[in-house]
Structure formats: structure tokens, C-alpha cells
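Q: I would like to go through this structure with you, topic by topic. Could we begin with the contacts between side chains?

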Amino acid sequence: MLLNGIVLDESGAPMAGVTVVDSKNPSSGTTTGAKGTYNIIVSRQCDSLRFSFVGYKPQTVGVRDAALIRMQPDAQDIGEVVVTGIFTRKAESYTGAATTISKSEITRVGNQNLLQSLKNLDPTIYMPDNMTMGSDPNTLPTISMRGTTSFPAESNASAFKSNYQNQPNQPLFILDGFETSVETVMDMDMNRVESMTILKDAAAKALYGSKAANGVIVIETKRLMGNEQRITYTGSVSIEAPDLTSYNLCNSLEKLQVEIMEGVYDDSTVGTQIDRLQLYNKRRKLALEGLNTYWLSKPLETGVGHKHNLSVELGNAENLRAILDVSYNDVSGVMKGSGRTTVSGNANVSYRTKRLIFRNIMSIISNKREDSPYGSFADYGKMNPYWQATDSKGNVLRWAEGEFFNSTDKIPNPMYDAMIGTSLTSSYLKFTNNFYAEWQIIDPLKVTARIGVSQQRDDADSFYPAAHSMFVDYTAENLNRRGKYILESGKSSTISGDLNFNFNRKFDKHFLFANAGAFLSETNYSDYTHTAEGFPNNQKADITFARQYAEGSKPVGYATLNREISFLAAISYDYDNRFLVDATYRIGASSLYGKDNRWASSWSVGAGWNLHNEPFLRDAEILQKLKIRGSVGLTGNQNFTTNNAIATYKYYTGVNYQGQTGAYLSNMPNPQLRWEQKLDYNLGVELEIQNLKLTADYYIADTENMLTDVTIPTSTGFGTVKDNLGKVRNSGVELQANYAVWRRPAGFVNLFGSFTYNRNEIIRLSESLKARNKAMREIAQSMGTSTPVAIYEDGQSMKAIWAVPSAGIDPMTGNEVYIKKDGTLTYKYDSSDLIIAGDSEPKYRGTFGFTAEYKGIGLSATCTYLAGGQMYNYTLVGRVENIDVEYNVDRRVLLGRWQRPGQLAQFKKLTGTYKDENDNSQPEVTRPTTRFVQNRNELTISSISAYYEFPSRLIRPLRLKRLRATFYINNVATFSSIEIERGLTYPFARSMSFSLTATF
């Protein structure tokens, strides 16, 4: 029996590519042509047809009513498709490991920024807490997927405030089909996002070839699905409250007690002894009178920020559609004067005519960042509580101590620096325009062309007035050098384009999909810094007011140009929606590689089996899905600069010969330099049984040709050169589960959880790295080294913590007793006895929580956890044992340090000194020892949110289509097995936010 008809979209335009099948026999089907028409042969027993298309609600219609079908958009089926950024595939027939996160899931865990939400949703994405920068709104997170695969970056770019260069282990971010930066993702308005797709294994990410080794995160912004005009406003107010629960510092009387214990006021000279006792008595008098300055609170405030988004959606029957939105986001940090303000505007316009679709997305982002003029939070953490911050009238004092003690040793007050005009600002302006054209040549064949242009300008100004504390020690001859201005200017530009031919066709039970494409891009960025000094007063004006360039300095900068061309072929085949095969091949050339290795290729092969579509399981009512898939493939990593492969020259700026300036080679080029290669193996299972959804993946990923410094003879003029050496393996398991506890028309209750395990192992080391390890052991032997050094050995993790085994503190002498490799005990520290005492990267990570809704009232909570890792407790080392007693210390000093023979103590008392390389005496420090390596197990209540969806009957008189109020709490609490100070330079913070969304 032959049936035919036409399928239209919601605006009445013909829809091509709609799948039409016999609802009782899905193997019998076809797709609509360019004019929306279809012809299908079915058996006489067929009584209904099923129509489906990505992004639209599927419809089952009786054969008598199937002549004219109108499809309706469906914003809820995002999990049924996989958006790769190049093409879209049905999830059921996809063999890659990919996770799709919808807009509702993103906003469920917070409204701060996309990266913060991503961190709380999928543990595959690892963003470790920044123990130094805490919750600084201007610090970008460190991101990795499925373990560490590259050595840490050693780039000059790290000293600059621009963020043009990617981190070595950072995944690739794709925004609406074009590569973008982490900074852009962090600053973009969350209300624009429709979905995020995480491409994890080779079958999923090989589309992006030599840039995909670290994984790919694809972000798709909203598209207008209907022709209804609407205006949506979303506004929120956020509160940032500093979290100081990890700090345990002494109060005034406790600190004086520590100083007595440490003999601060003892001296063999009678006159000096009297002076010191007088100083002690003055300090104690102030402490007894109530002086107990809580310095940690002085640079802090409760930050109040706000964000606004206005979106206008336009559409008509002529197929012209547009989304226009503007947004403003003011983030106020918890350190006074710190913040981040972003203003953006976006226009998404599309037009369809017959077989052609045109789309253009234009975006402008203006960002301004301010770092706190109060300086580093660490400066306040070390201030003694018996020092004064303000006078009796509340005026900030210039000196915390010394001015009223008739002492020449005046202690600068760090608060004063914020009162005199210190200014630390930076900004960027970014313009992006992406154009898309799609032509349905014939029914099964489509061609897509895309061109993207991006321009960004960065500026940074740092001004330190002449009265700033950094110039306190300047002598008389250097007084005219006081005051510093650092001016930074950067720019970047990217132009890229691609052309893709897309073919899909169903033949009876066979479905074939193929894509062939060509890609071309150029990226150019540079950054330059000028440092000037000598300003007559504290008023910030202009760098030209400076007396000179900073002594011994000159303008510095870097520049990188990368051109790339590549070709892609991808093919997919499935038989009867049961047996699935995917294959991808991409070959490209890049100027990042050495001239002898310009071209590199990536490939993947994936296979899958939909067991739930087998005849013996098709009628199983409790089983909705059972899919087994596997893949293998090779991808690459390009997160390094061109200067590693090519020769770079610098000029002899200080000398010339007969009026000519000479040049010299500044780095050793390596024309043999290749891309880092990652070979991925992945085996996965997807299961849906009634209310339970479960996904499990096991992976092995071997990274070769790792970029690292290789030692070369100094006769070449250089000590090292970049080369491809070594092999590292990451292997692990990922589990994700979702269980619908209760689901009714009035509401639902869902439980969810995830787990990831990763093991990092060095498989093969180069001889050069072994030589580097020897140098690291020599550094560890130095009496000035107090933190573990990075040593790499075969069979061990790249994040291994190396320390000398300790038997504890000798009760009789107070000295540490070390355990040598042969098991004997010694008082002598020997770096040849270093062992692996732990791994700083947790083995286990995950999330769990719930979501619930009843009659418009919703509640959700998300927790994250990590375990199986260790940490070197720098707080115990720096605040308890290696203390500078002139400054404040941790309370544990009072109880844990050795004082007398026979005392059982956890910490030794350091009294010795050593000579540094300049023959200056330095206090003795504790070198890396297992006493301070502790297990790190943490549970964090990451997010709690509650919302209320107002009923239509209440808001209809206000001419509203929708009104929703949401309350968020993020970073609620962290429970850790290790007591350590968190947020040294900038503290951590808890955030609360109230959001209101109204649609007119």
C-alpha cells in the first residue's frame, strides 16, 4: 500500500528530512524531500505512521490523517540527539561517548556562569579548587577531562593578563560551531545557552582532529523554533560572602605566648634584652586592653552583584526569525574593590527560502575587571593581631606598628595601600560574527558553508603610587624611583571557514549518513607590556608621567601566528536501527608543527548494538534501552605556541656595530616537532529500565609525543629544546545514573548520581626527563626547599607527591628522624631517599543529588565529592613548623611544636640557619617529608536551588506568559579530611542569588 503526503513546520514551511515510519514496523520507512513531501510503501495492516525530526515532537497519526502533518517544536528532546558542532546525530544510532546537558540542568545548579555549572554536573570535567586564588572572579579555572595528558606549560604568556593561550590539558570549546576561548565561555550569558555536549571518546571527538585529544565541549545557543513574538527578561541579585572557616590563627595573647615560647624577647645583651621586654610589655598591655585586630576581615566585604538579560524573539510566516538579546552582569568579589563587569549584545537572525537557509550570529562582549587595591589576602593572614589597623577615630594608619613605639622597624599597614590610589584594572572588547548558509541540493544531499570572524582587544593598567608599601625599603638614592605603572596591551584575531557536504539516506532497513568537509583557519595574537617607574605623587594619571622605564627592564611581549587547513570524512551506517558503525578520518596541516611534520591525521572507528531493538527484546515492557558501544581512535593536542617549532630571533638592543643592530637566536628550533597524539579506547553501555537510566564507560587513553624540554649540550648555545618524548596512560571508569522516584502530572521526584575513577600512569620516560629528575632531586636537597618537587618515573602518576619518609620527631632532641631506603634511621635529610608519598589528583570523583517539583514548586540539591588523593599540607609546613615568628601563625603552634626533651610532638622546632647562593644567612626550613602528606577526602554541598512557577491564572491579568522566581545557594559547605588554609591570595566565598524570569 502506497501512502503519500506533505510535512510542514510550525510556520507552514515544508520540512525536509523528517523521518516517516510505520508505527508498528519501524524498519519500514522513508524521509521527506526538500518540498516536505513523502512516499512510503507499507503493509495493508498498517494503521498509523510516526513522524519524527530532531528538535520537534514526534507524532503518530492514523493513515487517513497523514496527508498533511504540522510538526511542533520540542525543547525537551535535547537528550535524544548529539550535537557535535559540525552535524547533529540521533543519540540512539550514535556510537560515541557523549553527554548532553540541557538548559534546565545548567540553570538547576546555579546561575553564576557556565563553567561553574559544568563543574557540578559532570565529574568527567575536572576543575580543581584553586587553593591560591579561591573565588577570585578574575581567575580562570584549570580544566581537564579524563586525566592529565601533558606536562605543565612553561610559556611566557603566563605572565600576562590576556588569556589567549590555552592550558596544555584544557579541552576544546566549540560555540555554535566555532572554536572559542574559556574566558568567552565564562563571560557569556547563561540565558543564551540551549545545550552543552561533552564529547569524550575518539568516536565523538575525532571530528576535531589534532585539537581534540583533551576532549571537546560543544555549546549551542538558542534558536527560535516558532513564529511567536515574545520578550523575556531575567534579572538576579547575588550575594558573595567570604568563607574563612579554614583559617585558625592566633589571637593577640596566644601570639604573644608563641613569641615567648620561641624566645623572641630573649637576648644575651642586657640593653637589647631590656628593649625587647619593653616591647613585649607594650604589646601585652594593648592586648589586655582589648586590641585583637582580626586582620582577615579588613580587606573583605559582602559582595552584592546583579545581572540582567533582555531577550526579544521575532518570527513570521515569511521564515525570517531573530533572537536579539542584551545582558549586563556585575560580579562583586569579596575582596574590596574587586569585581568583573560584562556587557554583551547578540543578534541571531535566520532566513529560510525554498532550499536555502541563511543564519548569522553576531556577538559583542565588553568586559572590565578590577583586582582589589588591598593587595594579596596573604598579607593580612600574616599580620599580628596586636598590631593596629586604624586609630581611635577609624582612620587607617600608615604603620601597623612602630610609629607609636619609637622603633625604627615600622610595620607597613597593607590597608593603607588601598587608600592612596592603587589601581589594578584590565578590560577586553570582543567582536564575533559567524555566518552559516545551508543548501538542500537534493533530498538526501545538503551542503553547509560557514565563515567566522573574531577580533579581541585587551588592555591592563596597574598603578602603584609612590607611597605604596612595596617602596618602603627604597633608600635615599632610589626615592625618585618610587611609583610604578604597568601598561599591557594585547590583541587577537581569528578567521575560519569550512564547507561540509552532508548525505543521509534510508534504504529499507539500511540507513547511511556521510559527511565530507574542508576547513581553513588563521589565528593571530600578541601581547606587550611596558613597566615605568618614578611618579611624583600618588595620583594616577598616565604612564607618560613616569620618570623612566623600570630599572633594568624594557618592553616585553610575545606573538603567535597559526594557520591551519584540514579535510574531514565521516560515515555512519546502521542496519535496522540495531547494528551501528561510525568511522571518521581527518587530516590537516598546521604551522604549529615543525616544517618536517606539517601534516597530521586523526581517525576513529566506533561500533554499537541496540539490543532493545532485537526481536527477542523489542516487546520487553520494562526495557526501554540497552545499547552496547565501543570505539578506538587517534586525536591530537595543539595547546602550545609556534615558537617551540620555529626559530625566533631577538635584537641586541644595547649595542650596535657601525650603526647596525645585530640579532641572535633566542630559542633552539625543532623542525621535527610533531603534535601530541592520544590513542583512545572506549567501551560503553547505556541502559534504561522503567524509571532508571544508567550509562557506564570504561576507557584507556595513551598519550605519546608529549611536548617537553629536552636537555642538549650547552655548546649549541642553549640548554634545552622542545621535543616529543614519553608516553602517559589514563584509564578509568565513568558511571552516571538517574532514577525517577515519582512522576505524575502534578510533579516529579528524581535522584541522580555520578562516579568517575581515573588512574594516571607514566608508561615511558625519555633520557632527558631522567636527567631532569636528577636536577629536581638536587633542588629537593637544597636547605631552602620546603615543598615537594615534580619528579617523573615510569609506572607512576604525573601528579605524584615525592617526599622523604619520616619516623616522626625524636622526643629527646626535637629533630626529625628520617627513614632511609635500607630501613635505617637517620637525622640527615637525603633526597636520594625520596619516595612517592601520594598523588595530588583524586582517584574518585562524582556528584549526587535530587530534583523535585510539585504544582510549580521545585527544589534541587547537588553535592560533589572526591577521594583517593593526597595533599601536601602547606599550612602545617608554613604556619606551624616553618614559621616566621615575627608574623601571625596557626594555633597548632601552641600545642604541637617540640619544646623540651622527652616531649612527644608532631612538629619540630627550627632554630638553625643556612647560607644561600649569595652567602646570606637564611632560616632553616623543613624539606619535603611524609609527615605532611595527608589523605584528601572531601564532600561539598555545591548547590541548593528552589523555584516557583507562577500559575497562568495569576499572571494572565499582568499580560505575562510566564513568571518564575528562583533562589540559589552555591558552595554551601565543604567537609574535608585535611585541615588546610583555603584561598591564600584571594579567599573562597559562598554565594546566594535570587532570580526572576518574566516572559511577555
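Q: Which residue does Arg283 meet in a salt bridge?
A: This is a predicted model. In it, the side chain of Arg283 meets that of Glu259 in a salt bridge, with an N to O distance of 3.8 Å.

Q: Where do Arg283 and Glu259 lie in the chain?
A: Arg283 belongs to helix α6 (residues 270–288) and Glu259 to helix α5 (residues 252–261). The pair links distant parts of the chain, 24 residues apart.

Q: Buried or exposed, what is Arg283? And Glu259?
A: Arg283 has a relative accessibility of 10% and therefore counts as buried. Glu259 is buried as well, at 1%.

Q: How many salt bridges are there?
A: The count comes to 47 salt bridges.

Q: What does Lys211 pair with, then?
A: Lys211 forms a salt bridge with Glu564, at 3.3 Å from N to O. The two are 353 residues apart: Lys211 is in the loop between α4 (202–205) and β16 (216–221), whereas Glu564 is in strand β29 (residues 556–575). Glu564 counts as buried, because its relative accessibility is 9% and the cut-off for buried is under 20%.

Q: What about Arg962; which partner does it have?
A: Its salt-bridge partner is Glu949, and the closest N and O atoms are 2.7 Å apart.

Q: Which residues are linked in a network of salt bridges?
A: Asp122, Arg146, Lys200 and Glu734 are linked in such a network.

Q: Changing topic to aromatics: how many aromatic pairs does the structure hold?
A: It holds 24 aromatic pairs. In one of them, Tyr38 and Phe51 have ring centres 5.6 Å apart and planes at 70°, so the pair is edge-to-face. Tyr38 lies in strand β4 and Phe51 in strand β5 (residues 48–52), so the pair ties together parts that are 13 residues apart in sequence. Both Tyr38 and Phe51 are buried.

Q: And how are the rings of Tyr386 and Trp387 placed?
A: Their centres are 6.1 Å apart and their planes stand at 90°, so this pair is edge-to-face. Both Tyr386 and Trp387 are buried, and together with Tyr887 they form one aromatic cluster.

Q: Back to β4: in what order do the strands of the open sheet with β1 and β7 run?
A: The order is β4-β1-β7, and the pairing in this sheet of 3 strands is mixed. The edge strands are β4 (37–41) and β7 (68–70), each of which pairs on one side only. Neighbouring strands are turned by 30° against each other on average, direction ignored.

Q: In which sense do β1 and β4 pair?
A: Strand β1 (residues 2–8) and β4 pair in the antiparallel sense over 5 bridges. Asn4 has Asn39 in β4 as its bridge partner.

Q: Last topic, the surface: which residues make the nonpolar patch?
A: The patch, of about 800 Å², is made by Leu314, Leu320, Leu324, Val349, Tyr351, Leu356, Phe358, Phe435, Trp439 and Ile451. At least two of the patch residues come from each of β19 (320–332), β20 (339–353), β21 (356–371) and β24 (423–442).

Q: Where is Phe435, and how accessible is it?
A: Phe435 is in strand β24. Phe435 counts as partly exposed because its relative accessibility is 32%.

How values were computed: Residues numbered from 1 in each chain as written. Predicted model: local features only at pLDDT ≥ 70, side-chain atom pairs only at ≥ 80, totals over all residues. Heavy atoms only, no water. Patch = residues over 30% accessible without salt bridge, like charges linked within 9 Å, V, L, I, M, F, W, Y side chains within 5 Å. Areas by Shrake-Rupley, 256 points an atom, 1.4 Å probe, with all protein chains shown as cover. Salt bridge = Lys/Arg side-chain N within 4 Å of Asp/Glu carboxyl O. Helix = DSSP H or I, 4+ residues; strand = E, 2+ residues; numbered from the N terminus. Buried < 20%, exposed > 50% of the residue type's maximum accessible area, 1.4 Å probe, protein only. Pairing = 2+ DSSP bridges. Axes fitted to C-alpha atoms, helices over the stretch in contact; angles between N-to-C directions. Phe/Tyr/Trp six-rings, centres within 6.5 Å; stacked < 30°, edge-to-face > 60°.
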